[in-house]
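Subject: Structure for your files

Hello,

Here is the structure I said I would pass on. My notes on it follow below.

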Amino acid sequence: MYKSSATESLTRLFQEYLELSARLRPGYTASLGSGQGEGQPAVSDIVPDAPQLLQAIYSQVSGTSSDEEEPSLIEFIPGYRLIHIQEYAQEVKVLESILEEKGYIGGGTVLPVLTNYGSDFICYYQSEDGTERICDLLHDYGDLVVMYDSPEKFLETLCEFYKQEVYFLDEEGYLDCDLVLEGEVGAALNPSANYWSE
């Protein structure tokens with residue numbers, strides 16, 4: 001029972017995130033497509049034990065194609081897009097090669113959630129003791145930096161960024177953020193994440 005309630009909670013938070021996104025960017029949710037459409041792989045086909053966060057996301061949407069050109073529809077958070085399910089396997093390989101190249105020895109499970117055009121990632125990380133976190137991975141450095149204390153906190157914090165108007169659209173229509181406010185809200189909701197205190 002525990003599993004399904006955690007998945008339900010993540011699904012609800014992700015739906016709230018989509019609703020808040022749609023208020024600022026009316027076409028964004030529709031641009032993500034519907035989850036598990038015809039001819040689309042399920043995330044569990046690509047990642048056999050897909051974490052609940054990925055299941056919650058990809059059961060509802062397909063993601064943003066790397067070909068998307070409309071500024072207001074590209075980004076899930078400023079600077080990063082939600083990986084399209086059809087590009088997911090390829091992005092897993094990119095992430096694995098970065099970790100390998102940088103000599104990552106942290107163990108556990110590291111999976112991509114968001115990416116940008118510079119092959120930086122926002123990753124799901126589950127340590128060997130089962131603790132789940134969301135981390136930042138810049139491909140130039142190869143270090144996982146904890147951004148969000150848990151998958152729930154990841155979605156909860158993103159919703160809060162909308163509610164507190166951390167996010168806005170810039171003059172060209174791209175999603176942007178108030179960096180100072182983002183740091184304050186991020187740190188308040190994720191007290192053990194190093195990212196916000198750096």
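The model is a predicted one. I start with strand β5, residues 144–148, which is largely enclosed by the rest of the structure because 4 of its 5 residues are buried. Its partner is strand β4, residues 132–137: the two run antiparallel and are joined by 4 bridges. One of the paired positions is L137, whose bridge partner in β5 is L144. The hairpin formed by β4 and β5 has 6 residues between the strands, and in it G142 takes a positive phi near 75°.

Next, a helix pair. Helix α7 covers residues 151–163 and helix α8 covers residues 179–189; they pack at an angle of about 145°, and their axes are 10 Å apart. The crossing of α7 past α8 is right-handed. On the α7 side the contact is made by K153, E156, T157, E160 and F161, and these meet E182, V185, G186 and L189 of α8. By residue type, that contact divides into 4 charged, 3 nonpolar and 2 polar.

Is E87 buried or exposed? E87 has a relative accessible area of 13%, and buried means under 20%, so E87 counts as buried. Leaving aside residues up to four places away in sequence, E87 touches S65, S66 and R81.

Regards

Conventions: Residues numbered from 1 in each chain as written. Predicted model: local features only at pLDDT ≥ 70, side-chain atom pairs only at ≥ 80, totals over all residues. Heavy atoms only, no water. Axes fitted to C-alpha atoms, helices over the stretch in contact; angles between N-to-C directions. Left-handed = near helix turned anticlockwise from the far one by under 90°. Contact = heavy atoms within 4.5 Å. Nonpolar A, V, L, I, M, F, W, Y, C, P; charged D, E, K, R; others polar. Buried < 20%, exposed > 50% of the residue type's maximum accessible area, 1.4 Å probe, protein only. Pairing = 2+ DSSP bridges.
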